[in-house]
Amino acid sequence: MMYDTANLISFLLLRYIYCDEIDLSADTVLATLYAAKKYIVPHLARACVNFLETSLSAKNACILLSQSCLFEEPDLTQRCWEVIDAQAELALKSEGFCDIDAQTLESILRRETLNAKEIVVFEAALSWAEAECQRREMNTSIDNKRKVLGQAVYLIRIPTMGLDDFANGAAQSGVLTLNETNDIFLWYTAAKKPELQFACQPRKGLTPQKCHRFQSCAYRSNQWRYRGRCDSI
């Protein structure tokens, strides 16, 4: 059933058009946004986006990222990325992560500023693959998980994991081929490292923010000295 044919959404849309009243909830906001976009009701669409921005958290950031791209809402997309970057591990472990589409998955796996351990990224990708197998009504075998991941598996920076994480996690997952597992072990230990399809550079993560309280300061004779106005009482 299309969103705009649902009785509740039709009622909410008509009530806004004729009464200028907006009544949104977590259960109806996406469907209402769909209807507002389809029938070109920009003020209602803006109200929906504002509602989504105020309810944004690590638990729903990934699914809202997917929806914001679908609805072409760049401001909401940017807010989603900010939350995902800052709270990446919580976002990747959320239930909503498994509901995103393949294109959004690749965007997240490609993200340079993702602030998460790579083993967490790997485990999240496997959870998504299992959910995708179920959506396609496929058996959730290791081979099928690798199949639905496709080329996205190479966006996981497996060589940047700690050796323990790789040996006890990714290497024993069954998702990697024997040759891939062997080459990555050689990449960790051999002087002459093999070429890998996986990215080998760690993610940059978020840039640390620095706050300078004073123009300058110095420590002399057991006393702190500073120049500039104090920023506290």
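A cavity here is a set of points, on a 1 Å grid over the protein atoms alone, where a 1.4 Å probe fits but cannot get out. Points are joined across faces, edges and corners, and a volume is the space filled by probe spheres set on them. By this rule there is 1 cavity of 30 Å³ or more.

Before you start clicking: this is a predicted model, where local features need pLDDT of at least 70 and side-chain atom pairs count only at pLDDT 80 or more, while totals for chains, interfaces and linings use all residues. Residues are numbered from 1 along each chain as its sequence is written, and side-chain values use heavy atoms, with hydrogens and water left out.

**Stop 1: the cavity**

Select L12, R15, Y16, E21, I22, D23 and L44, which line the largest cavity; a lining residue has an atom within 4 Å of a point. The space in there is about 30 Å³. Now colour helix 1 (residues 7–19), which gives the most to this lining, with 3 residues. Helices are DSSP runs (H or I, at least four residues), numbered from the N terminus. Sorted by class, the lining has 4 nonpolar, no polar and 3 charged residues. For that sorting, Ala, Val, Leu, Ile, Met, Phe, Trp, Tyr, Cys and Pro are nonpolar, Asp, Glu, Lys and Arg are charged, and the others, Gly among them, are polar.

**Stop 2: two loops**

Go to I40, in the loop between helix 2 (29–38) and helix 3 (42–54). Its phi is near 55°, a positive value in a residue other than glycine. Is I40 buried or exposed? At 72% relative accessibility, I40 counts as exposed (exposed is over 50% relative accessible area, buried under 20%, partly exposed in between, with a 1.4 Å probe and protein chains only).

Then jump to E72, in the loop between helix 4 (61–70) and helix 5 (74–86). Phi of E72 is also positive, near 55°, and E72 is exposed at 66% relative accessibility.

**Stop 3: E132**

Next, pick E132 in helix 8 (residues 118–135). E132 is buried, with a relative accessible area of 13%. Show side chains and you'll find a polar contact of 2.8 Å between E132 and R135 (N or O atoms within 3.5 Å, one able to donate a hydrogen and the other to accept it; residues adjacent in sequence count only if both atoms are side-chain atoms).

**Stop 4: the aromatics**

The whole structure holds 4 aromatic pairs. Rings of Phe, Tyr and Trp (its six-membered ring) pair if their centres lie within 6.5 Å; planes under 30 degrees apart are stacked, over 60 edge-to-face, and the rest tilted. Start with F166 and F185, an edge-to-face pair at 4.9 Å centre to centre and 70° between the planes. F166 is in helix 10 (residues 163–168) and F185 in helix 11 (residues 178–189), so the pair ties together parts 19 residues apart in sequence. F166 is buried, at 0% relative accessibility, while F185 is partly exposed at 32%.

Bring in W187, and F166, F185, W187 and Y188 form one aromatic cluster.

**Stop 5: charges over rings**

Stay on W187 and select K193, whose charged end sits over the W187 ring, 5.1 Å from its centre. The rule is NZ of Lys or CZ of Arg within 6 Å of the ring centre and within 35 degrees of the ring normal. Finish at W81: the charged end of R111 sits over its ring, 4.1 Å from the centre.

Terms used
On a 1 Å grid over the protein atoms alone, a cavity is a set of points where a 1.4 Å probe fits but cannot get out, and a pocket is an open set with protein on both sides within 12 Å along at least five of seven lines; lining residues have an atom within 4 Å of a point.
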